[in-house]
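I opened the model to look up a few features of the chains and their contact. My notes follow in the order of the look-ups.

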Amino acid sequence: MTYRKLPTKSGTLLTSLVWGCAGLIVCVSVAMLADILMSGVSQINWAFLTQPPSDSGRSGGIGPILVSTLLILFVCLCAVIPIGLGGAILLAEYLPSASALGRSFRATLEILSSIPSIVFGLFGNILFCDLLGLKFSILSGGLTLACMVLPIFIRSTEQSLQSISNTYRHGGAALGMNKTEVIFQILAPAALPGVTVGLLIGVGRALAETAALIFTSGYVDRMPSSLLDSGRSLSIHIYDLSMNVTGGDANAYATAFILIVLIVLINCFTVAMKDLWMRQRGDIECL
Amino acid sequence: MSIGLEFNRSFIEANGASDYVDIGLAPLVAFEISDLAVAYSKKSVLSHVNLNIPKGAITALIGPSGCGKTSFLNCLNRMVDLIPGCSVTGRINYNSQNILEERHDVIELRRRVGMVFQRPNPFPTTIKRNLELALYQAGFRGAEETHISMEAQLRRVGLWEEVKHDLNKPATRLSGGQQQRLCIARALCLSPDVLLMDEPCSALDPISSARVEELIASLKEQCTIVIVTHNLAQARRISDHCVMFWMNGASGHIVESGATESLFGKPQNAITASYISGALA
C-alpha cells in the first residue's frame, strides 16, 4: 500500500510544535510541583498534620482543617453517589436522548457543569445556609459541593452505562431478568470502572474548590464538633494564608503539599480499585 | 388433552409421518404461528408468516441475510420488545396462549424460551457469576445447590473439565467457542422448554463450531430447538425440520417448510432448489 508522506519541512514543523506544546505543559506542571514540594516539604511533620493552627495559621498545624476537609468530602460523596447513580441510570436506561425530556435533562446538566463555582457558592448559601437553616456548616459546604459535582458525575456515569454493549442487556433479558435486575446485576457492575473515574474527577474538583465553600462551610479553623459546625477546607486555608495573612506563605505551601498528596492518594486508590474490577471482568490481563 | 396427544401419536405412527409441520396437531407443536408480520418503524421486514414449529425437534431457519429470520426468532421470546420502533402483528400460540398479547407475562416466557445469540455474550464478570446469575433466575438460592447445578450445566456443555479450576476467571478470557458453550450452559440453567439460537456457530472457528454443533444435536432430547443458520450443511446435519425464508419485494416471508430430508432432497419450490444448490445466495 502506498500513501503520500507529508512534505518533510511541514512535517518536522508540526512534530516540533506538538512536542513543544507537550513539553511546555509538562514543564509548567513540574515547575509548580517542584516549587510547592521544595517550599512545603520542610514544614511537614506529624505535629503539622495533627496540631490546630495558631497565630492565624502562621504557625501550628492543619489538624482541624484536614478533618473538616475530609468531612466535607464525605458529606459531598454521600449525596453525590446515590443521587448521581440514580440520575445516570434514569438518563441512560429510561430517558433516551431522542425523547424531549431526555434532551432537556442532558442540556440542563451540560449547562450546570459549566457554571462557575462561585455561583454554586452563592446558591448554596441561599438554599442550605439560609432557607434550610443549616447556617455556615460542613453540611452546607458538602451539599453545595455535591450540587457542583453532580452534573459532571451524572454525565460521566451515564456515558459509561451507555458504552456497555446492548448484547449484555439482551443476554440478561433472554434469561428472564426484568429491567431492574439487568441494570443492577449486569450493567452496574460492568460500569463500575467508568463510574469510579467519573467520581475521581468529581472528587478532584471538590477538593480543589474554594469559592463555593467560602460562602457555605465558612472560615472557622477550629476542630468541628459536628457536621453542623463550620469548618475550613484545605483549599480555603491555602487561599487565606497566601492572600490574607502576611507571613503565612510557608504554611500555605505546606498545606498545598498536603492537598496534592491527598489528591494523589485518592487517585491511586481509585485507579487500583478500577484495575481490580477491570481484571475481574477480563479487560486487562491477570497478573 | 392427553387423549388428544395419544390420538396424535397414534395418528403419526399409523401414517409413518415424521413431519408435523403445518398439519396443525396442537399438542406436538411448540409454536403455532399465524399471519405474523414484523415491521421496523413501518418498514415491513416479515409478513404473512404461517408456521407450526414441532416440539422436541430441531427446526432450522435458512435463507439469505436480511429476509427476517432473526426478527422471526426474536418474536418467539418477545425479544422484539427491546428493539425500539419494532411492531409485531399476528398470533404466536405457545402453550395455547397468544404470546404476542400485550399482557402476556414476558419474563415467564423468556424463562421457558431461552436464547443463544450470534456473538457469544457472556456477562463481563467471572465464569461462576455468569451461571450464578442465571441459576438465581431459575430459583436457586443456596450456595451448595447452586454449585451442584453449575457443575451439571458445565458438564452438559462439555466445559467443566476445561474450566473447573478457573471458575473465578473472567468469562471474556475464554475462547470464542468456550464462551458460546458457556452461554448455552447459561441458557440451560433455566431448563427451558425451547432454545432459540441465532447463528450460534457463525462467529466461531470450524473446530469450536463442530463442538457447539454436536452439543446442539445432543440437546434435542431435552428441549425444542429453533436455530437460524447460514450453514446449509449444518442445517442438513442437525435439523429435523427446515424453514426456508426469502425476500418477497421489500419484505421477508416463508417459501417452503418441511422435513429437512425432503426439503433438501426434493425441494418443492424453485427458489429453495436454487438456494440449496448454491445458485442463489
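Entry 1, the contact between the chains. I count two residues as in contact if their C-beta atoms, placed from the backbone, lie within 7 Å. The model is predicted, so I keep to local features with pLDDT of at least 70, while interface totals use all residues.

I looked up B:P124, which sits in the loop between β6 and α4 of chain B. Is B:P124 buried or exposed? I find 24 C-beta neighbours inside 10 Å, and the cut-off for buried is 20 or more, so B:P124 counts as buried.

I list 11 helices and 10 strands in chain B. Of its 281 residues, 44% are buried. Taking the contacts in chain B with a separation of 6 or more, I find that 67% join residues 24 or more positions apart.

I checked burial along residues 69–76 and found 8 of the 8 residues buried, so the helix is largely enclosed by the rest of the structure. The buried residues of α2(B) include B:K69 as well as B:F72, B:L73 and B:L76. B:T70, B:S71, B:N74 and B:C75 are also on that list. After α2(B) comes B:R78, with a positive phi near 55°.

Strands β9 (residues 241–248) and β10 (residues 251–259) of chain B run antiparallel and are joined by 8 bridges. I noted one facing pair, B:V243 opposite B:S257 in β10(B). The two strands form a hairpin with 2 residues between them, and B:G249 in the turn has a positive phi of about 70°.

Where does B:N95 lie? I place B:N95 in the loop between β4 (86–94) and β5 (97–98) of chain B. Its phi is near 50°, positive although the residue is not a glycine. B:N95 has 11 C-beta neighbours inside 10 Å and therefore counts as exposed. A:D55 lies in the loop between β1 (53–54) and β2 (59–60) of chain A, and is exposed, with 11 other C-beta atoms within 10 Å.

The axes of α3 (residues 63–94) and α8 (residues 179–208) of chain A come within 10 Å and cross at roughly 135°. The two helices are therefore oblique to each other. I record the crossing as right-handed. Which residues meet there? From α3(A) I list A:L73, A:C76, A:V80, A:I89 and A:E93, and from α8(A) A:I183, A:G202, A:V203, A:A206 and A:L207. By class, this contact has 8 nonpolar, 1 polar and 1 charged residues.

Key:
Residues are numbered from 1 along each chain as its sequence is written. Chains are lettered from A and ligands numbered from 1 in the order in which they are written. This is a predicted model: local features need pLDDT of at least 70, side-chain atom pairs count only at pLDDT 80 or more; totals for chains, interfaces and linings use all residues. Axes are lines fitted to C-alpha atoms, for helices over the stretch in contact, and angles run from 0 to 180 degrees between N-to-C directions. Helices (H or I, at least four residues) and strands (E, at least two) are DSSP runs, numbered from the N terminus. Angles under 35 degrees count as roughly parallel, over 145 as roughly antiparallel, 65 to 115 as roughly perpendicular and the rest as oblique. A crossing is left-handed if the near helix is turned anticlockwise from the far one by less than a right angle, and right-handed if clockwise. Ala, Val, Leu, Ile, Met, Phe, Trp, Tyr, Cys and Pro count as nonpolar, Asp, Glu, Lys and Arg as charged, and the others, Gly among them, as polar. A residue is buried if 20 or more other C-beta atoms lie within 10 Å of its own, exposed if 12 or fewer, and partly exposed in between; C-beta atoms are placed from the backbone. Two strands pair if DSSP finds at least two bridges between them.
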